[in-house]
Amino acid sequence: MPDGVVGVERLVVEHAERLSGEVAVQGSKNSALPILTATLLCDGICTIENCPDLSDVDVTLEILKSLGAKVLKEKNSVIVDSTEVCGFKISKEMMKKIRSSILFLGALSARMGRAELCVPGGCKLGPRPIDWHLAALSQMGLKIENQDKMLFCELEDRFKGAEITLPLPSVGATENIILAAVLAKGTTIIRNAAREPEICDLCDFLIKCGARIEGAGQSEVKIVGVERLSGAEHRVIPDRIVAVTFLAAAAAVGGDVTVQSVAPAHMQSMLEVFKKIGCDVNVAAESVQILAKDKKLAPIREIVTKPYPGFPTDAQALFMVLASISDGSCMFVENIFKNRYKHAEELVKLGADIKVMDKIAVVKGVDELYGEETLEAKDLRGAAALVIAAMAADGRTTITGVEHLDRGYEDFEKNLRRLGANIKRI
Ligand code: EPZ
């Protein structure tokens, strides 16, 4: 590579015969991001443990620092002191880097009475609208001026409690409303709220800080506004999608893998599918072991993504790899995102038989996937799926778009090598 030209990082993945061993799973990215954003509301010091060491976390901490918060980060623990926060503008380039930066709309407006930020970036999962976020916060009194993708927001005094019904149980919209409601004047009711474990974790943290929240994890959440929030210590829940990624790798390649420091209750819908395809699954309090004999995977038949506790959209790509090498066909219905099959065309390069029509994808299992290809990862969970497919495929496979992995997986290659994979980053 000529000097000065930044090389495109890529992964080189060899066929893997079998994976075995144990992996301690990181804290949940989609829990850490809203919780770190919520520290902006706290009039005191917050210590967040089990925080995953990811680029999305680093961007969130950069935003907090740019607003005047003091931030101290060791690998997996973060201390935030928001007492001195005085800024209300977030730079375009930082907002563009991650989807969850939209949560600063609620938190920053609640803290400063005003906010200037732009429409966020994030994965290319199709249009990432924020219309429900904007409608809800406007209903709570936020004046929002939308000038060519910049949002100029102003509160009269504080957010006002309101009764809000979401068209779909949107995770981000639910979180933004909670962040606006905890210090609001009056009571807020969210109907058709998202029920993901990450919502419960955010509420657990806020309640430790003095918030008054009932019904977290249910479809109806009630938040009674309080005058101030203190700091708190909190340990982030395990990342259920990262845990299932390692289990899916073992199912695809064959072997005996145990994921530790996990919350099996958060993974129920996915563990059912592993059993259905013929793997043995042993669940303990904080660990799950999968035994994948090297016989053909039984057909899955159908995967329909739903809001929690249904089958999560974030695991769809992982299970499409398993369907591609199973002994039958499987119909996928992706109900959450409009364009979340970008990994399909890459799997077809390895010999998979996949037909995509709008939100439906029909996968017919094939005997073998063949590597010796270069694949391009286009989003976070798609990237993980391609790595799993490359380990199952014959030969050597190269994958570009590695930066997507670093957004959500801490030490991904190192953990896979520990399980016996032959994978390196060049
Ligand atoms: C969160 O995204 C997660 N991200 C996603 O994980 C996850 O896939 C998704 O929830 C669903 O579970 C974070 O938590 C940071 P939504 P979010 O609002 O909040 C539409 C990952 O890789 N919608 O529940 O953006 C939206 O377009 C990411 O970890 C509107 O139309 O998801 C989507 O089709 C990928 N208007 C659907 O709702 C809105 O105002 C669900 O989106 C908001 C959302």
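How many aromatic pairs does the structure hold? The structure holds four, where rings of Phe, Tyr and Trp (its six-membered ring) pair if their centres lie within 6.5 Å; planes under 30 degrees apart count as stacked, over 60 as edge-to-face and the rest as tilted.

Before selecting anything, note that this is a predicted model, in which local features need pLDDT of at least 70 and side-chain atom pairs count only at pLDDT 80 or more, while totals for chains, interfaces and linings use all residues. Residues are numbered from 1 along each chain as its sequence is written, and side-chain values use heavy atoms, with hydrogens and water left out.

Select Phe 311 and Phe 319. Their ring centres are 5.1 Å apart and their planes stand at 85 degrees, so the pair is edge-to-face. Phe 311 is buried at a relative accessible area of 7%, and Phe 319 is buried at 0% (buried means under 20% relative accessible area, exposed over 50%, partly exposed in between; 1.4 Å probe, protein chains only).

Next, select Tyr 409 and Phe 412. Here the ring centres are 4.6 Å apart with planes at 45 degrees, so this pair is tilted. Both Tyr 409 and Phe 412 are buried.

Now go to the ligand.

Show the polar contacts, pairs of N or O atoms within 3.5 Å. A ligand nitrogen atom is 2.7 Å from a side-chain N or O atom of Asp 131. A ligand oxygen atom is 3.0 Å from a side-chain N or O atom of Asn 30. At Ile 336, a backbone N or O atom lies 2.4 Å from an oxygen atom of the ligand. Taken alone, the ligand exposes 830 Å², and the protein buries 90% of that (Shrake-Rupley method, 1.4 Å probe).

How values were computed
Polar contact = N/O pair within 3.5 Å; in protein donor to acceptor, adjacent residues only side chain to side chain.
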